[in-house]
Amino acid sequence: HSSGTEDAKFYVPRRRVVHLDLKGAPPKISFLEKLFPMIRSAGGTDVLVEWEDMFPYSGKLVNISSRVAYSVQDVERLNAMAEENSLTIIPLIQTFGHMEHVLKLKEFSSLREDPSSPQSICPARQEGDQVIKEMIRQMLALHPKATHIHIGCDEVYQLGQCSRCTA
């Protein structure tokens, strides 16, 4: 931009994603009902929802959900709010690192890459693969209109350390 009289030209991406991290101190649905219209009015197109232990897992995965996790009805309401505001939900499912919400539990601790740390799942264990596939299956079942998922995979600090991987 060479002079002050010319209009500046900015690139505006087609998709503008807002990351909503629900772990820790999750907002109430009533707050999200106010937030989603604000996201849309600010130009947002998608909401990347990081559920971790706030997702209402069931069956063999029921214990990875927090005692104060959102309900199935809450997830359905969140999907409806997104649709009402022309927003697309992109579920974020941790699949390699940041697996503390799963691997801290005794029943899943054998899937750790490093037995002393619940951070990373061992990629060489078929049982871990099955757990991740079931997490994805349940997540997509409650997000039937999702066209994308985010699989995490950042900050994987332990890799190739367990006895199976070193062998």
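This is a predicted model: local features need pLDDT of at least 70, side-chain atom pairs count only at pLDDT 80 or more; totals for chains, interfaces and linings use all residues.
Biologist: Is Gln-94 buried or exposed?
Modeller: Gln-94 sits in the loop that runs between strand S3 (88–92) and helix H3 (100–103). Its relative accessibility is 4%, and the cut-off for a buried residue is under 20%. Gln-94 therefore counts as buried.

Biologist: Which side chain is joined to that of Gln-94 by a polar contact of 3.2 Å?
Modeller: Beyond its neighbours within four places in sequence, Gln-94 is in contact with several residues, among them Glu-50, Glu-52, Met-135 and Cys-153. The side chain that makes the polar contact of 3.2 Å with Gln-94 belongs to Glu-50.

Biologist: How many salt bridges does the structure hold?
Modeller: One of them joins the side chains of Arg-77 and Glu-84, at 3.0 Å from N to O. Arg-77 is partly exposed, with a relative accessible area of 29%, whereas Glu-84 counts as exposed at 54%. For the structure, the number of salt bridges is eight.

Biologist: How many residues apart in sequence are the parts that Glu-83 and Lys-145 tie together?
Modeller: Glu-83 and Lys-145 form a salt bridge whose closest N and O atoms are 2.9 Å apart. Glu-83 belongs to helix H2 (residues 72–84) and Lys-145 to the loop between H4 and H5, so the pair ties together parts whose separation in sequence is 62 residues.

Biologist: In which helix do Glu-134 and Arg-137 both lie?
Modeller: The side chains of these residues, Glu-134 and Arg-137, meet in a salt bridge of 2.7 Å, N to O. Both are partly exposed, Glu-134 with a relative accessible area of 25% and Arg-137 with 46%. They are three residues apart, about one turn of the helix, and that helix is H4.

Biologist: How far apart in space are Pro-144 and Leu-22, C-alpha to C-alpha?
Modeller: Pro-144 is placed in the loop between helix H4 (126–141) and helix H5 (163–166), and at 64% relative accessibility it counts as exposed. Pro-144 and Leu-22 are 122 residues apart in sequence, and their C-alpha to C-alpha distance is 20 Å.

Technical notes:
Residues are numbered from 1 along each chain as its sequence is written. Side-chain values use heavy atoms; hydrogens and water are left out. Helices (H or I, at least four residues) and strands (E, at least two) are DSSP runs, numbered from the N terminus. Buried means under 20% relative accessible area, exposed over 50%, partly exposed in between (1.4 Å probe, protein chains only). A polar contact is a pair of N or O atoms within 3.5 Å; within protein, one must be able to donate a hydrogen and the other to accept it, and residues adjacent in sequence count only if both atoms are side-chain atoms. Contact means heavy atoms within 4.5 Å. A salt bridge is a side-chain nitrogen of Lys or Arg within 4 Å of a carboxyl oxygen of Asp or Glu.
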